[in-house]
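I opened a new page for this protein. These are my notes on what I looked up, in the order I did it.

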Amino acid sequence: MVNFKSSIDLTNLQRLEAQLQRLQSPVWPQEILGKIDTVKAERGQTLFAQYCQACHVVVDRSNSKRLVVASMIDIDIVDTDKKMALNGVQYAGKSGNLKDTVQATDVGNVVIREDAPVVQILTSATKGVIATPDADKWFLRRWLDRLYTLGLSFFDNDIPNTVKSGNYKSDTTSNPYNSLLAYKGRSLNGIWATAPYLHNGSVPTLYDLLLPKKRAGDPDDGEYRPDSFVVGAREFDPVKVGFISAGYDGFTYNTSIALDRPVEGNDNAGHEYAAGKTPQLNGSVLPALNEQQRWDLIEYLKTL
């Protein structure tokens, strides 16, 4: 029998989650970082609807009961660095006491073998911890907490059970975790405060995110995402929207060894919708934004 006793206080974790529902995304501080140009922002809103909103839904920051539908995009379509998704699905480790136990997937039950994918081991361990009453509380307290947790889950969780939204590989009996080879397009509320960008932090500013990656054969006089930049600054760049990434001592983030040799895990390619390179959910590729359109879109992103 596998023992999932832990020091995690599940009841308090659920209370923290309930408390987090009251949080709102930060509002651009115009008195500190400069006023938003409403004319440019209005033009940017139209561009956002065309280029971004299919994956990044706009939500009301003040509505704690809002329903946020995030789209999952196949890593081969969005084409950002694949390492994080591949690690969870393809990297394997010893399953230990979980060996030969059964786990449910969307396409049926699977047996966890001695060498199992990380996703199987992590899922079983997480479910086991959640299902195990707190070991450091006496019997009555454990079960009262459990009833409280179940009740809170029943009344607070009103999200309907639906299929995942987006464009991703389907799970099959031979590859039951195919759908996890995708990245989530989250809501962009407060995106201006979360630099650097992409899931691996390989792009320093929002303006750089709207540019293409420089590849072999591209002209040298174009605008491209930086292949290396310095991280660790506390000074904010309110123009390009991010932290300053040059002119001070810090850690250098290298995205590639050469144009055709990205650093595994650090690649800054992909998600090049604004550069006219990455297809939308419907398969269409929109034309690249010009410089004025990029600044308009940046101005709108400040309002989220």
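The entries below go from the whole chain to single residues.

**Ground rules.** I am working with a predicted model, in which local features need pLDDT of at least 70, side-chain atom pairs count only at pLDDT 80 or more, and totals for chains, interfaces and linings use all residues. Residues are numbered from 1 along each chain as its sequence is written, and side-chain values use heavy atoms, with hydrogens and water left out.

**Whole chain.** I found nine helices and 13 strands in the protein chain. Helices (H or I, at least four residues) and strands (E, at least two) are DSSP runs, numbered from the N terminus. Along the principal axes, the C-alpha atoms fill a box of roughly 65 × 45 × 45 Å. I then looked up burial: of the 304 residues, 37% are buried. Buried means under 20% relative accessible area, exposed over 50%, and partly exposed in between (1.4 Å probe, protein chains only). For contacts (heavy atoms within 4.5 Å), I took pairs at least 6 apart in sequence, and 67% of these join residues at least 24 apart.

**Cores.** Which residues have the most contacts inside the largest nonpolar core? They are Phe48, Tyr197, Leu206, Val241, Leu297 and Leu301, in a core of 28 residues. Helices α3 (38–51), α8 (206–209) and α9 (291–301) each supply at least two residues of this core. I noted the term: a nonpolar core is a set of buried Ala, Val, Leu, Ile, Met, Phe, Trp, Tyr and Cys residues joined through side-chain atoms within 4.5 Å. A second, separate core has 12 residues, including Ile75, Val78, Leu181 and Tyr183.

**Tyr197.** Leaving out residues up to four places away in sequence, I listed what Tyr197 touches; among them are Ile191, Trp192, Pro204, Leu206, Leu209 and Val241.

**Gly242.** I found Gly242 in strand β10 (residues 242–243). Is Gly242 buried or exposed? Gly242 counts as buried because its relative accessible area is 0%. Thr194 is 48 residues away from Gly242 in sequence, and their C-alpha atoms are 7.7 Å apart in space. Gly242 also touches Ala195, Pro204, Thr205, Glu235, Phe236 and Asp237, not counting residues up to four places away in sequence.

**Trp143.** Last, I looked up Trp143, which lies in helix α7 (residues 139–156). Trp143 counts as partly exposed because its relative accessibility is 39%.
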